[in-house]
Amino acid sequence: MNKPEAFYSGTMIQNVWDSTSLGWFKDCPRKYFYSMIEGWNSKHKSHHLIFGSYYHKALELYDLSRTEGAEHKKALRETLRWLFKITWGWESEDTAKNRETLVRSVVWYLDHFQNDTAQTVVLSDGKPAVELTFHFELTKEITLAGHLDRLVSFLDAPYIMDRKTTGTTLGSHYFDRYEPDNQMSLYTLAGRIAYDTPVRGVIIDAAQIAVGFTRFDRAITYRTDDQLKEWTRDTILHVEQSYRCAEKNYWPMNDKACMLCNFKRICSKDPSVREAFLNSDFEKRRWNPSEGAKNA
Amino acid sequence: MSTDISELFARDPESLTDQDLDTIVAHLQTLRAQFMLGAKTAGTMKKKAPKEKVTNIDLGELGL
């Protein structure tokens, strides 16, 4: 599959959007400018991202192996063999998210959901619907892109399945954050349009990673037709606003969304010294919505 | 975590056999069973560093 560039050549006009870049703009145009247009990232790759990425990939390998006919024990061995190799030399200083707790979490997840009623859908080409890439045109100017963990059938209805890892205690307070939610709405829409499947919403398989245990919980976030139409209308408007910012080459700060932002310490400085602080604390790694890694 | 499991985690992954992997899985499944029975730290993987033994201080050695 072709992987289109995010921007129209030589412009700050983004034509391929994923939930990450759209989320940045929705949070704050300045955050979007620093992250997406200029490509600034923290110099230290987060152990949360590394852990989440390995966790996703390991379970994806297991799913693929099972759908290709391997029994649980064989699929689990293959998964662990890959996991031990890929994490060889990974030194996480985090007591909860490290190599040992990663292996524990994968084994415990597969134990917990060994007799899962949610089954991977087999696509019309005979391939299992696992780690699916999507690109589809929302309008002539806007393409939406991303990755879906799995397309599953659960109680005779189709859903997207998305796996999350968190340090947060699981419960209604945790799952409430996904209603409404940019990523879950996009994934539901993608399931319907890109995979032509009447998905009802997203099954969220969450893993709470602690030092002494990994706990699992599952919840479903539904999207109706009208909710998806509303999300689509809103998205088009947000993207059009980004085009106006690009035309003016000015990205206003949303100073009501700074609390958990990586760029808080940049935006809190005088504008004349921000570039120096960015160069000191960040490095440039451009995000491509067509290639974006899975996050936690 | 027993010494054997720690050693398996520390071993070059290229040398892990199917039996080694099965041993790790069985151990982790046992930890999970303990967790499900209420042991909240059953899955702790790192050994705690032993506390240093406290000994009496001989003030005379300080040369005060």
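I began inside chain A, where L22(A), F25(A) and K26(A) of α1(A) meet T235(A), H238(A) and S242(A) of α8(A). By class, I noted two nonpolar, three polar and one charged residue in this contact of α1(A) with α8(A). Helix α1 spans residues 19-27 of chain A and helix α8 spans residues 225-248 of chain A. Their axes come within 10 Å and cross at roughly 75°. That angle makes α1(A) roughly perpendicular to α8(A), because angles of 65 to 115 degrees count as roughly perpendicular.

**Confidence check**

A reminder to myself: this is a predicted model. I wrote down its scores, ipTM 0.88 and pTM 0.90. For chain B the mean pLDDT is 83, and 73% of its residues reach 70 or more.

I looked at chain B by itself next. Its secondary structure comes to two helices and zero strands. Of the 64 residues in chain B, 16% are buried.

Helix α4 of chain A (residues 72-86) and α2(B) have axes that come within 10 Å and cross at roughly 95°. Here too I used the range of 65 to 115 degrees, so α4(A) is roughly perpendicular to α2(B). Which residues make this contact? From α4(A) I listed L76(A), R77(A), L80(A) and R81(A). From α2(B) I listed D18(B), L21(B), I24(B) and V25(B). The residues of this contact of α4(A) with α2(B) divide into five nonpolar, no polar and three charged.

**A hairpin in chain A**

Together β7(A) and β8(A) form a hairpin, with four residues between them. To get my bearings I picked A207(A), which stands opposite F216(A) in β8(A).

Where does P180(A) sit? I found P180(A) in the loop between α6 (172-175) and α7 (182-193) of chain A. The peptide bond from E179(A) to P180(A) is cis, with omega near -5°.

I also checked for positive phi in residues other than glycine. E131(A) has a phi of about 45° and is not a glycine. This residue lies in strand β4 (residues 130-137) of chain A. Is E131(A) buried, exposed or partly exposed? With 17 other C-beta atoms within 10 Å, E131(A) is partly exposed, because a residue needs 20 or more to be buried and 12 or fewer to be exposed.

D196(A) also went on my list, with a positive phi near 50° in a residue other than glycine. I placed D196(A) in the loop between α7 and β7 of chain A. D196(A) counts as exposed, because 9 C-beta neighbours lie inside 10 Å.

Technical notes
Residues numbered from 1 in each chain as written. Chains lettered and ligands numbered in written order. Predicted model: local features only at pLDDT ≥ 70, side-chain atom pairs only at ≥ 80, totals over all residues. Axes fitted to C-alpha atoms, helices over the stretch in contact; angles between N-to-C directions. Parallel < 35°, antiparallel > 145°, perpendicular 65-115°, else oblique. Contact = placed C-beta atoms within 7 Å. Nonpolar A, V, L, I, M, F, W, Y, C, P; charged D, E, K, R; others polar. Pairing = 2+ DSSP bridges. pLDDT = per-residue confidence, 0-100.
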